[in-house]
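Q: I would like to learn to read a fold step by step. Can we start with the order of elements along the chain?

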Amino acid sequence: MGSADYIKYYNKMTPKQLKEVVKQDTEEMGYEEGHSYSGTWASKNSGINFLNGVYPGEDEAEKYILDNNDKWDCVDAALVKYKAGTEAQNTRISKEQDKLTELNEALRQREKNWFVKIDSSKSKTKGCSCGKRILTSEINSFSCSCGKSYVSATDTKAFDTAKTKISKQSDKISTLINKRGGKIIEKWVVGGWCSC
Ligand SMILES: [Zn+2]
């Protein structure tokens, strides 16, 4: 017996209207997929838990719901509100997001290369000041089990530089998103974990 996430988006409506629509959708799910362990809202307690506050985006609302909802609870509903952004603003944001993806990929590649380098080094084992010695082929973490890092100062600096670039790029994107203008979008994000 497991659980599956089930999230749906609804356009702007009053909480009362949403209650009614969710009730209808849940009945339909129960009719089509059955109730217990169906992986749908029909397997959950009935009703809606309206979350406090307004969420700045679908992703934030979805993350909050999935981090906090339990399969024994009823569904959660989060109100999302943001400005859609002008075409120029959104083009800029998506370009900056591509850059962020590239930076993340570069870091992952750098990390992968580090493991390859360790594994292909002449010495077949690596020691730590705690006394532990491990086969280089078995190293699958950047630090010893005692917590001390295996990474050289030079490599640590390179990793840190890459991480700083990623964090700066994320901040830049957040700023651009917050500055968006244009039409106001309002939505409901509804759902949670369901028994299956
Ligand atoms: Zn150690």
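A: Start with the sequence order. This is a predicted model. Along the sequence, the protein chain follows the pattern β-α-β-α-β-α-β-β-α-β. The protein chain holds four helices and six strands. Its radius of gyration is 24 Å, well over the 16 Å that the globule rule gives for 196 residues, so the chain is more spread out than a compact globule.

Q: What does the C-alpha trace span along its principal axes?

A: The C-alpha trace spans about 70 × 50 × 25 Å.

Q: How is the protein chain divided into domains?

A: Look for a domain written as two segments. Domain 1 covers 3-84 + 184-195, and domain 2 covers 87-178. The C-alpha centres of domain 1 and domain 2 lie 36 Å apart.

Q: What share of the residues counts as buried, and what share of the contacts joins residues at least 24 apart?

A: Burial first: 13% of the 196 residues count as buried. Now contacts. Take those between residues at least 6 apart in sequence; 70% of them join residues at least 24 apart.

Q: In which order do the four strands of the open sheet lie?

A: The order is S1-S6-S3-S2, and the pairing is mixed. Strand S1 (3-11) and strand S2 (48-55) stand at the edges with a single partner strand each, so one side of each has no neighbour in the sheet. On average, neighbouring strands of this sheet are turned by 25° against each other, direction ignored.

Q: Which strand pairs run antiparallel, and how many bridges join them?

A: Take each pair in turn. S1 and strand S6 (residues 184-195) run antiparallel, joined by nine bridges. In this pair, Lys8 stands opposite Val190 in S6. S3 and S6 also run antiparallel, with eight bridges between them. There, Leu79 stands opposite Trp188 in S6.

Q: In which sense do S2 and S3 pair?

A: S2 and S3 pair in the parallel sense, over five bridges. Ile48 stands opposite Val75 in S3. The chain goes from S2 through H2 to S3, a β-α-β crossover that is right-handed.

Q: How should I picture side chains on a strand?

A: In a regular strand the side chains alternate between the two faces of the sheet.

Q: Now one residue. Is Trp193 buried or exposed?

A: Count the surrounding C-beta atoms. The cut-off for buried is 20 or more others within 10 Å. Trp193 has 24 within that distance, so it is buried. Trp193 lies in strand S6.

Q: How many residues apart in sequence are Trp193 and Val75, and how many Å apart in space?

A: Compare the two separations. Trp193 and Val75 are 118 residues apart in sequence. In space, C-alpha to C-alpha, they are 8.0 Å apart.

Terms used
Residues numbered from 1 in each chain as written. Predicted model: local features only at pLDDT ≥ 70, side-chain atom pairs only at ≥ 80, totals over all residues. Domains from an automatic or database assignment. Helix = DSSP H or I, 4+ residues; strand = E, 2+ residues; numbered from the N terminus. Rg over C-alpha atoms; globule rule 2.2 N^0.38 Å. Buried ≥ 20, exposed ≤ 12 C-beta atoms within 10 Å, placed from the backbone. Contact = placed C-beta atoms within 7 Å. Pairing = 2+ DSSP bridges. Axes fitted to C-alpha atoms, helices over the stretch in contact; angles between N-to-C directions. Right-handed = clockwise from strand over helix to strand, strands pointing away.
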